[in-house]
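Please look through the sequence and the structure shown below before reading on. The report that follows moves from the whole chain to single residues.

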Amino acid sequence: MTTTLHRTGEPSPPAPFCGTDADLRALRSDLEQQRSFRIDQLRQLTRLLQDPGTDDDAHISVALTLRSAATSVLADVEAALRRIDDRSFGACPACGTPIPLSRLQALPMTRWCRPCQQANESTADVPDTATHPGSVQVALDIVEVWGQGSFPASDPPANW
Ligand SMILES: [Zn+2]
């Protein structure tokens with residue numbers, strides 16, 4: 001009894017993305033919007049850091065944190081767009097399984113399926129920012145609270 005497995009030595013992954021072309025277009029447009037948002041944000045933060053208008057170290061250090069978070073997110077977004085272009089988008093590189101559409105829609109720049117991401121987080125040894133969305137999210141929440149473009153002279157939110 002022999003089953004012939006077509007192992008040619010060349011990995012031939014099926015198109016990993018599990019949604020329709022329209023889903024993929026929607027995700028791409030979402031990613032493109034995120035990219036331009038982050039580019040604007042980085043421009044504003046860079047301008048702010050060049051001329052902070054304050055000696056308040058706390059404001060400057062928040063701006064630095066935000067800038068590094070925005071840089072990470074932008075890199076993740078651009079990497080996701082590249083994966084769409086090279087058709088590897090939607091497959092977890094660790095286990096090869098397709099990432100569920102609902103997860104991609106919630107987190108279009110995610111690279112991993114949920115179990116692999118959780119495994120990565122539990123080893124706590126992965127430098128990839130994509131595996132640590134939590135810390136980035138905190139910084140992004142600060143942006144939401146403070147708004148874009150201007151740092152308030154008043155006290156920042158107490159809780160960070
Ligand atoms: Zn996986």
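A residue is called buried if 20 or more other C-beta atoms lie within 10 Å of its own, exposed if 12 or fewer do, and partly exposed in between. In this model, which is predicted, the buried residues of helix 1 are Leu 27, Leu 31, Arg 38, Gln 41 and Leu 45. Helix 1 itself has 30 residues and reaches 43 Å from its first C-alpha to its last, which is close to the 44 Å expected at 1.5 Å a residue.

**The chain as a whole**

The secondary structure comes to five helices and zero strands, so that, by the definition of helices and strands as DSSP runs numbered from the N terminus, the pattern read along the sequence is α-α-α-α-α. Of the 160 residues of the chain, 17% count as buried.

In soluble globular proteins, nonpolar side chains tend to be buried together. The largest nonpolar core here has 17 residues, and those with the most contacts inside it are Leu 31, Ala 70, Val 77 and Ala 80. Helix 1 (21-50) and helix 2 (57-85) each supply at least two residues of this core, and helix 2 gives the most to it, with six residues. Which residues does Leu 31 touch, leaving aside its neighbours within four places in sequence? Leu 31 is then in contact with Val 77, Ala 80, Leu 81, Pro 108 and Met 109.

**The annotated region and two single residues**

The UniProt record, in an unreviewed entry, places the feature "zinc finger region: dksA C4-type" at residues 92-116. Over residues 92-116 the chain is 36% helix and 0% strand, while the end C-alpha atoms are 8 Å apart.

| Residue | C-beta neighbours inside 10 Å | Class |
|---|---|---|
| Ser 102 | 10 neighbours | exposed |
| Arg 87 | 13 neighbours | partly exposed |

Ser 102 has its place in helix 3 (residues 101-106), and Ser 102 counts as exposed because it has 10 C-beta neighbours inside 10 Å. Although Ser 102 and Gly 19 are 83 residues apart in sequence, they are 9.5 Å apart in space, C-alpha to C-alpha. Arg 87, for its part, lies in the loop between helix 2 and helix 3, and Arg 87 has a positive phi of about 65° although it is not a glycine.

How values were computed:
Residues are numbered from 1 along each chain as its sequence is written. This is a predicted model: local features need pLDDT of at least 70, side-chain atom pairs count only at pLDDT 80 or more; totals for chains, interfaces and linings use all residues. A nonpolar core is a set of buried Ala, Val, Leu, Ile, Met, Phe, Trp, Tyr and Cys residues joined through C-beta atoms within 7 Å. Helices (H or I, at least four residues) and strands (E, at least two) are DSSP runs, numbered from the N terminus. Two residues are in contact if their C-beta atoms, placed from the backbone, lie within 7 Å. The expected span of a helix is 1.5 Å times one less than its number of residues. UniProt positions are given in the numbering used here, feature names are shortened, and annotations may be inferred rather than shown by experiment.
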